[in-house]
Amino acid sequence: KQEIKKHRFFSDDSFWNQPVPDNPEIDSLSNYWIGLLKKDPSKKNFGINTAAYTIPIYTVDENTPKYKVKPYKLSEKEKEIWKTDRDYFGHGKEFDEDSVPIPDESMSDPESDHHLALINWKTNTVWDMWGAVKQPDGTWISNTGMKYSLNGSGVFKTEEFKIINGESVHFHGPGRASGVPIIAGLILLDEVKAGEINHKIAAAIRFNAFQEFVFPAAWSDGNVVGGIPEGSVIQLDPSLDLSKFNLLPGELVIARALQKYGMVLVDNAGGNVLYAQGFYKEKLWNGIIRGWDSGGIETIPLDHYRVLKVGETVKKGDARAKVNKNETPVW
C-alpha cells in the first residue's frame, strides 16, 4: 500500500521544518510579485493538486522487488528542445549504486511528470524519480533519480552537481527543477487527518524568476525576468480569520500551515498550486480536501499572501526560455 506518513520528513532542524518567525520581514517586492500571480491565465488563487501532477509515495523494505532503473534516452528532437548534447537526463551517483526497490503495485503520477517516491522507513532511505515509467516487459526507466536520507537536511547543494549554467538540473539527478527533493513540502494524508502539518509546503507558480534562485533551491527553471526566485517563501497572512472561508476541516489544517510555516516555490506550473500526496487508485482525499479548480483554499484571495524577505539570489539556472516583466511565460 502507499505510505501514509508516520512522522514528518527530514531532521528537526531542517529548513523545511522551521516555522516562520513572528513579525517576519516582508520583501519590498512582495506586492509586485503577488500582482504577477494574479496575472496567471487560470485566474485561480492557490489550489491543491491531488489527482494529477503530484507525488505518490510507496513504502519499501528488504523484501520489495528491486530494479535497475534505466535512464531514459533523449531523442534528437528532445535534445533540441532541452538545448543539450547530452543523451540522457541524470541519475544521481548514489541512485546508481544499487537496485531500486519498487513494489509491484507502484503507479507513478499518470500525467507527463510521472513522479514517484519510495521510502524505506527502517533505513531512513528515499528514492525519488521524475519520469518514472514501467515498461511493457516489467522493467522501469526514469528521467531522473536521487537517493538520500529521510532524516537528513532535505536540501541538495548546487556544488554537489557538476552543472553548467544554462542547462537543467534534471541532467544531474533532482526531480524538481529547483533542485530540491520531490517529497519536500508534500501535504500528506495522515498529517491532515491528524489535524496538524508541522512543515513548510511545496508550491509552484508560472512566474518564477529567470536564472535566479535562493536557498533551499539549488537551481531554477524560472523564465520570467523580474519574477519570484525559486526557493522563496510565501506566507498566508497569520492574522487572517480563516473562519470567513468555507473550508473543510482538512483545508483548515493546510491553511493554518500556510500561516505558520509558509510555502516554498519549488517548480514551474500552469497555475498557482500546492501538492498533496498522490493517490491514483483510491480517492483517499475525497471529503477531506478539494483538489484543483474545486474550491477550498482556492477561495482565499491572493491579496492575503505575502513574499517573505528574499536573501541574496544566485544568478544561475536553466536558460531555455525567458520573457520580460509583466508577460505570461510560454514554454
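**Figure 1. The largest cavity of the predicted model**. The volume of this cavity is about 50 Å³, and the structure holds one cavity of 30 Å³ or more. Its lining is formed by Arg8, Phe9, Phe10, Trp16, Asn17, Ile183, Ala184, Gly185, Leu186 and His199. Sorted by class, these lining residues comprise six nonpolar, three polar and one charged.

**Figure 2. The largest pocket and the residues closest to its centre**. This pocket has a volume of about 1000 Å³. It is lined by 41 residues, of which Tyr53, Ser112, Asp113, Trp130 and Asn268 are the closest to the centre. At least two lining residues come from each of helix H2 (76–81), strand E15 (263–268) and strand E16 (273–275). The greatest contribution is that of H2, with three residues. The lining of the largest pocket divides by class into 18 nonpolar, 13 polar and ten charged residues.

**Figure 3. The second largest pocket**. The space in this pocket amounts to about 490 Å³. Gly92, Lys93, Met146, Glu160 and Phe161 are the closest to its centre among the 21 residues that line it. The lining of the second largest pocket consists of eight nonpolar, eight polar and five charged residues.

**Figure 4. Surroundings of threonine 64**. Threonine 64 belongs to the loop that runs between strand E2 (57–59) and strand E3 (66–67). With a relative accessible area of 9%, threonine 64 falls under the 20% cut-off and is therefore classed as buried. Its side chain reaches the backbone nitrogen of aspartate 61 at 2.9 Å. When neighbours within four places in sequence are left aside, threonine 64 is in contact with Pro101, Ile102 and Pro103.

**Figure 5. Threonine 123 in the loop between strands E6 and E7**. The relative accessible area of threonine 123 is 48%, which lies between the 20% and 50% cut-offs, so the residue is partly exposed. The side chains of threonine 123 and threonine 125 are joined by a polar contact of 2.9 Å. Glutamate 298 stands 175 residues away from threonine 123 along the chain, and a separation of 38 Å lies between the C-alpha atoms of the two residues.

**Figure 6. Helix H4 and the glycine that follows**. Helix H4 (residues 249–260) contains twelve residues. From its first C-alpha to its last, H4 reaches 17 Å, close to the 16 Å expected at 1.5 Å a residue. The buried residues in H4 are Gly250, Glu251, Val253, Ile254, Ala255, Ala257, Leu258 and Gln259. After H4 comes glycine 262, with a positive phi near 80°.

Key: Residues numbered from 1 in each chain as written. Predicted model: local features only at pLDDT ≥ 70, side-chain atom pairs only at ≥ 80, totals over all residues. Heavy atoms only, no water. Helix = DSSP H or I, 4+ residues; strand = E, 2+ residues; numbered from the N terminus. Buried < 20%, exposed > 50% of the residue type's maximum accessible area, 1.4 Å probe, protein only. Polar contact = N/O pair within 3.5 Å; in protein donor to acceptor, adjacent residues only side chain to side chain. Contact = heavy atoms within 4.5 Å. Expected span 1.5 Å × (residues − 1). 1 Å grid on protein atoms, 1.4 Å probe; cavity = no way out; pocket = protein on both sides within 12 Å on 5 of 7 lines; lining within 4 Å. Points joined across faces, edges and corners; volume = space filled by probe spheres on them. Nonpolar A, V, L, I, M, F, W, Y, C, P; charged D, E, K, R; others polar.
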